[in-house]
Amino acid sequence: MRVLLVGAGGVGTAISKIAARRSFFDHMVIADYDASRAEAAVTALGESGSRFSAARVDASDQEAVVDLLRQKHCDVLVNATDPRFVMPLFEAALSAGTHYLDMAMSLSFPHPERPYEECGIKLGDAQFARAARWKAAGKLALVGVGVEPGLSDVFARYAADELFDEIEEIGVRDGANLTVDGYDFAPSFSIWTTIEECLNPPVIWEKDRGWFTTAPFSEPEVFDFPEGIGPVECVNVEHEEVLLIPRWVDAERVTFKYGLGDEFIDTLKTLHKLGLDRTEKVTLPSGAEVSPRDVVAACLPDPATLGERMRGKTCAGTWVKGTREGRAREVYLYHVVDNQWSMAEYGSQAVVWQTAVNPVIALELLANGTWVGTGILGAEAFAPQPFLDLLTAYGAPWGMRDQ
């Protein structure tokens, strides 16, 4: 397998570090708009970087990506950029005749009149609209395969296959006790993506109603996270699992809630009030045109550089409620990463490392023929046990708690 990895930020760099320890691929090209970032990612691998090379590419330039895929004879494109670039990269892979993998799906757009009741354009709609073309081409677009979405979806399929006869609700629950020394506000993941997720109307799935929306930060609940993280208040946030899981897993209800904290929520609300969450460019008195959201991102520290200042653990997991052999059951399937461990072992902070390990596992399952498919599929469309076995083999075991 020859891989084109587009995006040499925190997650892309962590992907390369994890992949360098595995033998399932022949070569990986790390490409970025900033060639120096791609080169730095290769250099950081040291002696283990012999199967890697660097390239420059503009992720928004579909033809340039097609040319690079063909020039480097790649079999699969891995998208480690933010969601703005999903569609040009997704289309480039199809045009070049390669497989495709991403961790976040095409952007949503709220309903113009009833944003907190009805869906407009949902996450992934633009991609699923092209499913027939991918299937006809005999190629696979494996979408939403980070940690959330991704591992959380694998957990959902595992619960349906192994733990429950009937499922009442699948609820992805994400929480952490991470702190960053020296910063009052320093998101551990891309602020561009965080704003997109948290300020868009959250989506909920119910079998008798389908997909519908609610207000941002609605339905707060306190969820007790394992391994010392403890109780964290979680709220509804827009996320891909709610759009993916119901396509392949039978459940009465699917939700996603994120532990953000009051201060984080208040900051996001303030950005929205000031219009600083906008992506449309504004004209400055100097005549320069800038996107307010890009300015916010530029003013905050790069999440990939926060590892040395970060303390604590992050937890991603899937809570499932239903019945087994006529008895009520609730479980929480989870994955915890301690920042001290991920920094010592890989030099990557916990949140980006936890995101990055899952697409590498998926690539390995595709390379060895364990996961096979065509069209547009999520992780829950495949057998979950091989994925979970590899997660443990990679040194990052998962857990399960009966609630």
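Okay, a quick definition before we start: helices here are DSSP runs of H or I with at least four residues, strands are runs of E with at least two, and both are numbered from the N terminus. With that in hand, let's go to Pro149, which sits in the loop between strand 6 (140–143) and helix 7 (151–163). The bond between Glu148 and Pro149 is a cis peptide, with omega about 0°.

Now, some housekeeping. What you're looking at is a predicted model, where local features need pLDDT of at least 70 and side-chain atom pairs count only at pLDDT 80 or more, while totals for chains, interfaces and linings use all residues. Residues are numbered from 1 along each chain as its sequence is written, and side-chain values use heavy atoms, with hydrogens and water left out.

So, the overall picture. We have 14 helices and 20 strands in this protein. The radius of gyration, taken over C-alpha atoms, is compared with a globule rule of 2.2 Å times the number of residues to the power 0.38. For 403 residues a compact globule would come out near 22 Å, and the protein has 20 Å, so the two agree. Along the principal axes, the C-alpha atoms fill a box of roughly 55 × 55 × 45 Å.

How much of the protein is buried? Buried means under 20% relative accessible area, exposed means over 50%, and partly exposed is in between, using a 1.4 Å probe and protein chains only. By that count, 57% of the 403 residues are buried.

Next, contacts, meaning heavy atoms within 4.5 Å. Take the contacts between residues at least 6 apart in sequence: 71% of them join residues at least 24 apart.

Let's zoom in on strand 12, residues 230–236. Five of its seven residues are buried, so call this strand mostly covered. Strands count as paired if DSSP finds at least two bridges between them, and strand 12 has partners to show you. Strand 11 (residues 221–225) runs antiparallel to strand 12, with five bridges joining them. In that pairing, Asp224 stands opposite Pro231. The hairpin these two strands make has four residues between the strands, and Glu227 there takes a positive phi near 55°. Strand 12 also pairs with strand 13 (residues 253–259), again antiparallel, over three bridges. Here Val235 has Tyr258 of strand 13 as its bridge partner.

Back to backbone angles for a moment. Most residues other than glycine have a negative phi, and most peptide bonds are trans. Which other residues go positive? His73 has a phi of about 55° without being a glycine, and Phe217 has about 65°, also without being a glycine. His73 is in the loop between helix 3 (62–71) and strand 4 (76–79), and Phe217 is in the loop between strand 10 (210–213) and strand 11. Are they buried or exposed? His73 counts as exposed because its relative accessibility is 58%, whereas Phe217, at 12%, counts as buried.

Last stop, Asp266, in helix 10 (residues 262–273). Its relative accessibility is 45%, so Asp266 counts as partly exposed. If you want a sense of span, Asp266 and Val57 are 209 residues apart along the chain, and their C-alpha atoms are separated by 37 Å.

That's my tour, thanks.
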